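Please keep the sequence and the model in view while reading.

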Amino acid sequence: MWQAAHWICALVALSCGVTPGAAVVQAAYDREVTAGSNVHDDSLRVLQAKCRDDGTDKYLCEIIFVSKKDAAERPFFDIVAIVRVAEGWELKSGLCKH
C-alpha cells in the first residue's frame, strides 16, 4: 500500500512527506522578489537547512546562509518558517520577512 502511495506521489510530482532542504528554502526565498519584497538580496545563498514539521505542511528550519556580497562569505544563521502552498513553498518568516 505504501509503495502505491509513493508511486502516486511520484506520478503527480508531489513530495509526499519529504522534509524540505536548502534548495526548497532558497526557492521560497527567491520567490519573495516576485511577491514584491524590497529587502530581497539576490546574493544570499542558503547552504544548509534542517527542517522540522508540525504535521500540517508547516516547517521551521534552522538555516546557514552566506551573502556573495561579503568577500569573506561568513556564514550567518537564521530560523525560517515555510509552508507548502499550491505553487510550491512560501516563506512565512525569517530572512526578508518581518
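This is a predicted model: local features need pLDDT of at least 70, side-chain atom pairs count only at pLDDT 80 or more; totals for chains, interfaces and linings use all residues.

The text below treats the sheet, the helix packed on it, the nonpolar core and the charged pairs, in that order.

Four strands make up an open sheet, arranged in the order 1-2-3-4 with antiparallel pairing. Strand 1 (44-53) and strand 4 (88-93) each have a single partner strand, so these two stand at the edges and one side of each is left without a neighbour in the sheet. On average, neighbouring strands of this sheet are turned by 40° against each other, direction ignored.

Strand 1 and strand 2 (residues 58-67) run antiparallel and are joined by nine bridges. Within this pairing, V46 stands opposite F65 of strand 2, and Q48 has I64, also in strand 2, as its bridge partner. The hairpin of strand 1 and strand 2 has four residues between the strands, and G55 takes a positive phi near 90° there.

Strand 2 also pairs with strand 3, in the antiparallel sense and over eight bridges. Here L60 faces A81 of strand 3 as its opposite residue.

Which residues have the most contacts inside the largest nonpolar core? That core has 16 residues, and the ones with the most contacts inside it are V25, C61, I63, V80, I82, L91 and L95. At least two residues of this core come from each of helix 2, strand 1, strand 2, strand 3 and strand 4.

Q26 lies in helix 2. Is Q26 buried or exposed? Its relative accessibility is 11%, and because buried means under 20%, Q26 counts as buried. The side chain of Q26 reaches the backbone nitrogen of V46 at 2.7 Å. Leaving aside residues up to four places away in sequence, Q26 touches L44, R45 and V46. V46 is also the residue that stands opposite F65 in strand 2.

**Charged pairs**

Side chains of opposite charge can pair when their charged atoms come close. The structure holds seven salt bridges, and the table presents some of them.

| Salt bridge | Closest N and O atoms |
|---|---|
| R31 with E87 | 3.9 Å |
| R84 with D57 | 3.4 Å |
| R74 with D70 | 3.0 Å |

The salt bridge between R31 and E87 links distant parts of the chain, with R31 in helix 2 and E87 in the loop between strand 3 and strand 4, 56 residues apart. R31 counts as partly exposed at 32% relative accessibility, whereas E87 is exposed, with a relative accessible area of 60%.

What does the pair of R84 and D57 tie together? R84 lies in strand 3 and D57 in the loop between strand 1 and strand 2, so the pair ties together parts that are 27 residues apart in sequence. R84 counts as partly exposed at 25% relative accessibility, and D57 likewise counts as partly exposed, at 33%.

In the salt bridge of R74 with D70, R74 counts as partly exposed at 49% relative accessibility. D70 has a relative accessibility of 14% and therefore counts as buried.

Conventions
Residues are numbered from 1 along each chain as its sequence is written. Side-chain values use heavy atoms; hydrogens and water are left out. Two strands pair if DSSP finds at least two bridges between them. Axes are lines fitted to C-alpha atoms, for helices over the stretch in contact, and angles run from 0 to 180 degrees between N-to-C directions. A nonpolar core is a set of buried Ala, Val, Leu, Ile, Met, Phe, Trp, Tyr and Cys residues joined through side-chain atoms within 4.5 Å. Buried means under 20% relative accessible area, exposed over 50%, partly exposed in between (1.4 Å probe, protein chains only). A polar contact is a pair of N or O atoms within 3.5 Å; within protein, one must be able to donate a hydrogen and the other to accept it, and residues adjacent in sequence count only if both atoms are side-chain atoms. Contact means heavy atoms within 4.5 Å. A salt bridge is a side-chain nitrogen of Lys or Arg within 4 Å of a carboxyl oxygen of Asp or Glu.
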